[in-house]
Amino acid sequence: MRAAVLVLVLLTAPFGAPAFAAGATGFGLAGQQPDAQPPKPVDEFVPVSQLPPQDQLPAAPLLVSAYAFVWLALFGYVVSLGRRLSKVQGEVERLESDIAKGTRA
Amino acid sequence: MILRKDLTVEVRSLEIAYTTLFFAVSCVLFFAFALVKEGKAPEDGAAGILWIAIAFSGTLALGRTFERERQSETLRALLMAPAARPAIYVGKLLSIIALLVAAEVVLVPLVAFLFQVPLLAHPFWLAAVLVTGTIGFAAVGTLFSAMLVRARSRDVLLPVLLYPITVPVIIAGVRATAELLEPDVELALVRFWVALLVALDVVFVTLALWTFEPLMTD
Amino acid sequence: MPKWFMPLAAINALMFAASPFLIANADYEATMGLVQKIFYYHLPSAWIFLISAIVCGIASARYLFRGSPRHDRLAYAAAELTVLFGAIVLVTGPLWARKAWGVWWQWDVRLTASLMGWMVAWAYLLVRRYGGPGSDKLAAGLALFGMANVPFVYVSVNYWRTIHPPTTVVPTLPVDMGAALWFAVACFLLLFFLLLRLRVHLEEQRARLDSLYLSLDE
């Protein structure tokens, strides 16, 4: 059982790598693709730093943090579950062996 | 029958009624003092503060009501009585509602005075909002505090359980009351909130009646 | 643990590894650009959050009325998963909203009701942990009220003019976005099922431990 949980935990680990790869590709794509907001008609050329703060907000950190949080939360939960499970199972095994031996610790 | 018993005990002692009322009034006063700016309390705060005072004093009253039962072991005796369990719930519910409505009768003029708002402009609608909101809050509160009578840390647990569930009731009550305070009231909106409150009341009371018996048996 | 658990877990892990590629391939949304891609995990988490609350509610009802410990274990597991997936929704949502709406949070109906439902799930866990004897029934009663909140959360966004996208968005998605979304939904559903099974297994082991201690005392 403990082995099962360990394998589950290890299998979720490679999930992190593709997520970051996708984030990186997203980064690259964002560089090539113009920011999807249809540009408002302007009379003159407005540098990015002069746009209102909302338009300046880079999306990539938000996206990456969101996916990172999802992964961390799920991974953390599985680890916590595994730990609780091994603790309880250890105690069960100990008790069962004690009963089999006819003694009580 | 249980309602009558509760009311008679209450009328004789009036302890819970007095303390709840005092707490509600001081709650409102606290908020009024805390939020005073340039010598005036903010008008926009009136609806919210009224309902907060109702919620807080309701929680206090709920805790006290069942505390008495617990101490005198009457709850166990009641549960063994031939009266149907739901009747116990309804009796307790009605007594809590009566207590809260009495508090509201005092609170509404007080809030109107302190915050300079025309709370009594539409008395019928305000009464409808207050009564339906109180029923919703009390329905859940009575069930939970009855459940908690034998639990550990029951005083802390009651707000923890009660407040998240009653958030829709409080929101609807505050929104409806705030709408009634507007210079040109949109009655259709108020009617909508009252309808939502009625729906919530039906759901909560039904759920409470349905689960009261299994929750109270060991 | 049953024989199918490990293979399904492996399949689930592979599906999760594949999903970012589908997401990266999906089209950009017109007004929100890159940040909209949070949607592909935000929405399935939200659905699992609501489904988990329903599972907890139904299991709690069956526990209250039939008394079988199996349903109690299922309810406890589902409540924990409600907190987990609710946390995911409530973090990914604001991260998306920061760019899409300009604010981290808005007190509109769906967000408020979701936050409230999440708090009910937390309250369930608190009651189970610290409520003392009888807390299992208490928590079960709470879970029923929490389940009543779920339809409210789901339809609220269709009836109140709110900043959150309504449920009509999903059926109208173009194919590549739809594919990424439904694949992610499948990933999360399978994950929910596996986590539920694992968590119930923990409860079963705890119950076994309790019965072992009891048998020792005899």
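**Helical architecture and packing in the predicted model**

From the N terminus on, the elements of chain A run α-α-α, and this chain accordingly comprises three helices and zero strands. Of the 105 residues in chain A, 18% are buried. In chain C, buried residues account for 48% of the 218 residues.

Chain C is likewise without strands, having six helices and zero strands, with its elements running α-α-α-α-α-α from the N terminus on. The C-alpha trace of chain C spans about 70 × 40 × 25 Å along its principal axes. When contacts in chain C between residues at least 6 apart in sequence are considered, 78% of them join residues at least 24 apart.

Within chain C, helix H3 covers residues 69-100. H3(C) contains 32 residues and reaches 45 Å from its first C-alpha to its last, a span close to the 46 Å expected at 1.5 Å a residue. This helix is mostly covered, in that 23 of its 32 residues are buried. H3(C) is followed by C:Gly102, for which phi is positive, near 85°.

The packing of H3(C) against helix H4 (residues 109-130) of chain C brings the two axes within 9 Å of each other, with a crossing angle of roughly 140°, and the crossing is left-handed. On the side of H3(C), the contact is made by C:Tyr76, C:Ala79, C:Glu80, C:Thr82, C:Val83, C:Gly86, C:Val89 and C:Leu90, while H4(C) contributes C:Ser114, C:Leu115, C:Gly117, C:Trp118, C:Ala121, C:Trp122, C:Tyr124, C:Leu125 and C:Arg128. By residue class, the contact of H3(C) with H4(C) divides into eleven nonpolar, four polar and two charged residues.

The C-alpha atoms of C:Val83 and C:Ser52 are 9.1 Å apart in space, although the two residues are 31 residues apart in sequence. A further pair involves C:Thr82, whose C-alpha atom is separated by 9.6 Å from that of C:Ala46, the two residues being 36 residues apart along the chain. C:Ala46 is found in helix H2 of chain C and is buried, because 22 other C-beta atoms lie within 10 Å.

C:Tyr159 lies in helix H5 (residues 135-159) of chain C and counts as exposed, because it has 12 C-beta neighbours inside 10 Å. The C-alpha atom of C:Tyr159 is separated by 36 Å from that of C:Arg73, a residue 86 residues apart from it along the chain.

The contact between chains C and B takes 22 residues from chain C and 21 residues from chain B. On the side of chain C that touches chain B, the elements giving two or more residues are helix H2 (39-66), H4 and H5 of chain C, and of these H5(C) gives the most, with nine residues. The residues on this side of chain C divide into 15 nonpolar, six polar and one charged.

In chain B, helix H2 (residues 15-34) has 20 residues and reaches 28 Å from its first C-alpha to its last, close to the 28 Å expected at 1.5 Å a residue. The buried residues in H2(B) are B:Ile16, B:Thr20, B:Ala24, B:Cys27, B:Val28, B:Phe31 and B:Ala32. These residues lie on the same side of H2(B), because they cover an arc of only 135° around the axis. The face of H2(B) turned away from its buried side carries the exposed residues B:Glu15, B:Tyr18, B:Ser26, B:Phe30, B:Phe33 and B:Ala34.

Most residues other than glycine have a negative phi. B:Gln116, although not a glycine, has a positive phi of about 55°. With 13 C-beta neighbours inside 10 Å, B:Gln116 counts as partly exposed.

Methods
Residues numbered from 1 in each chain as written. Chains lettered and ligands numbered in written order. Predicted model: local features only at pLDDT ≥ 70, side-chain atom pairs only at ≥ 80, totals over all residues. Axes fitted to C-alpha atoms, helices over the stretch in contact; angles between N-to-C directions. Helix = DSSP H or I, 4+ residues; strand = E, 2+ residues; numbered from the N terminus. Left-handed = near helix turned anticlockwise from the far one by under 90°. Contact = placed C-beta atoms within 7 Å. Nonpolar A, V, L, I, M, F, W, Y, C, P; charged D, E, K, R; others polar. Buried ≥ 20, exposed ≤ 12 C-beta atoms within 10 Å, placed from the backbone. Expected span 1.5 Å × (residues − 1). Arc of directions from axis to C-beta.
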